[in-house]
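Visitor: Hi! Could you walk me through this protein, please?

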Amino acid sequence: MSKEQKLLNNLCRLLYRGAYKQFTAPCDIGAVQTDYLLRLLKKNADTVYGRSYQFDTIRSYADFAKKVPLTVYENYEPYIRDMGDGRRAVLTKEKVRLFEVTSGSSGGKKLIPYTRSLKQEFGRGIRPWLYDIYTNVPGVDAGKSYWSLTPVTSKKRYAPCGIPIGFEEDAQYFGFLEQGIMRRLFAVDGSVKFATDREAFYEETARQLLACDCLTLISVWNPSFLTLLCDFMCEHKDILAAGLTGGRKAVFLNAVAENRFDRLFSDLKLISCWADAGAASCTAPVRDRFPDVMIQPKGLLATECFVSFPLVGEEGARLSLYSHFFEFRSLDDGHIVTAEGLTRGTYELIVTTGGGFYRYCIGDIVEVLAVYPHAPPRIRFLGRGGICSDLFGEKLTEQFVEKALNSLRLSHCFCLLAPEGTHYCLYTTDTHVTSEALDTALCESYHYHYCRQLGQLTPARIIPVKGNPRKAWMDRLAADGMRLGDIKPSCLSKRSGWADYFECLTRP
């Protein structure tokens, strides 16, 4: 443990205490949300978007819901093109500081405008979350952290007007004062972002992690990324070991031989990663490599917004009430409610942010686990509402496929259902399930069963795979233009041709 690291972590804790106290103090949920909404609309009334929807006449949520339509990303593309060309006061009065790139599950690229307000809104979620970790997970404040927030890019890019595209380093997600602190606490610096290819990225990341003498926190998005990083260390152990000396080299080689990376990073206290919905099965390999380390499921975060974060000891995550304005559309009856009107159930998320997105249907589905009269509700991410494979009208959704795989006891292994011609293939590392059992489980869907009865779909097939299918899956999506940080674990793909990427034991 370094005295400097302890001091810097405790300085962060001091900086975050106010945000934590505000978040945990009893509040009027409706008043907090309405105040945010009306202040945001007033500030952005004199913009192209604000004038189009008469922001200056809105005095309540009811006015807002009546005058401003629900939106998806495609609604913003003309405005974002204008902003990229240098036009001001389009979606917000604030200057656009950068565009961050993201992509949907189908691979289409999106540019998300980042303003000072949007960064502050992210901070209102990050700060109380980190304070809770520093306070309630002993030892996290004693060392360095590895954050994998910004995916790899090969070079700096700019919009036509000169606005940067993409954060240059992870510290930019924090405030100005915190950036200097975080750069001294990060175990891996921002230079790895500009590696020439993924192999070089993994190698430099591994080298910097191995050089860290006290790693206490890992924060990644996809748990498969951490597994792949560990696999890279195993596959390249001789090259990596050559750069180590003495006891560290021996510890590294022993950890690799036993596949026990908790022994390599013996001070590690917590791993933060996706662990809900499609990511649940991906956490098992992480637990195998770090069996003595606490794994905390992340809340719901997207490039566009910061939705929720976990508190130590609680199931699910608390809605980040002070970050944005939230609406929820019930999947049962389509009725839209605000945060104070939530009851237990399943909803589609709708957000309004300081980045210039209004009533934006982000496509994420959440389950409300608990509501409280004077505290943020507790929610859990269920999956993407937009992932649906539909060759002949079968309308297979990610949520249904996940449920079907769970019924077949396939939640523990790699599984990817994808269309191939007139049938579906389940690429999996498990061999105990038959193709007949898979097809029967999928026939629980009325539309799938109907397509089977009509002969539009032929029976589903199990395709056993070996090797490292998670890596092959991520490599294909990355090659198609998706960023590593945007690749969310999923059991369903709309793409065909996966047999060309996996090591299949039988052909589709």
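Predicted model: local features only at pLDDT ≥ 70, side-chain atom pairs only at ≥ 80, totals over all residues.

Visitor: What do buried and exposed mean?

Guide: Buried means under 20% relative accessible area, exposed means over 50%, and partly exposed is in between, using a 1.4 Å probe and protein chains only.

Visitor: And where is Arg409 found?

Guide: Arg409 is in the loop between α14 (398-407) and β18. Its phi is positive, about 60°, although Arg409 is not a glycine. Helices (H or I, at least four residues) and strands (E, at least two) are DSSP runs, numbered from the N terminus.

Visitor: Good. What about Asn259, what is its phi?

Guide: Asn259 has a phi near 55°, which is a positive value in a residue other than glycine. You can find Asn259 in the loop between α11 (246-258) and α12 (261-264). With 27% relative accessibility, Asn259 counts as partly exposed.

Visitor: Let's zoom out. How many helices and strands are there?

Guide: The protein has 17 helices and 21 strands. Its C-alpha trace spans about 70 × 65 × 50 Å along the principal axes.

Visitor: How does the radius of gyration fit with a compact globule?

Guide: For 508 residues, a compact globule would have a radius of gyration near 23 Å, and the protein has 23 Å, which agrees. The radius is taken over C-alpha atoms, and the globule rule is 2.2 Å times the number of residues to the power 0.38.

Visitor: How much of the protein is buried?

Guide: Of the 508 residues, 56% count as buried. Contacts tell us something too: among those between residues at least 6 apart in sequence, 66% join residues at least 24 apart. Contact here means heavy atoms within 4.5 Å.

Visitor: Can we look at a strand now? Which residues of β19 are buried?

Guide: Six of the six residues of β19 (residues 423-428) are buried, so this strand is largely enclosed by the rest of the structure. His423, Cys425 and Tyr427 lie on one side, with Tyr424, Leu426 and Thr428 on the other.

Visitor: What does β19 pair with?

Guide: β18 and β19 run antiparallel and are joined by six bridges, with Glu420 opposite His423. Two strands pair if DSSP finds at least two bridges between them. β18 and β19 also form a hairpin with two residues between them, and Gly421 in the turn has a positive phi of about 70°. With β20, β19 runs parallel, over four bridges. Thr428 stands opposite Pro464 in β20.

Visitor: I see β20 there. Which helix packs against it?

Guide: Helix α17 is one: its buried residues pack against β20 (461-466), and also against α8 (198-210), α9 (223-235), α13 (283-289) and β18 (415-420). α17 covers residues 469-479, and eight of its eleven residues are buried. Among them are Trp473, Met474 and Leu477.

Visitor: Why is β11 described as largely enclosed?

Guide: Five of the six residues of β11 (residues 325-330) are buried, so the rest of the structure largely encloses it. β11 is joined to β13 (residues 345-352) by six bridges, and the two run antiparallel. Phe325 stands opposite Thr352 in β13.

Visitor: And how many bridges join β11 and β12?

Guide: Three bridges, in the antiparallel sense, with β12 at residues 336-338. Glu327 stands opposite Thr338 in β12. β11 and β12 form a hairpin with five residues between them, and Gly334 in the turn has a positive phi of about 80°.

Visitor: One last stop: is Ser117 buried or exposed?

Guide: Ser117 is buried, with a relative accessible area of 9%. It is found in helix α6 (residues 116-136). Not counting residues up to four places away in sequence, Ser117 touches Lys43, Glu94 and Gly354.

Notes. Residues numbered from 1 in each chain as written. Heavy atoms only, no water.
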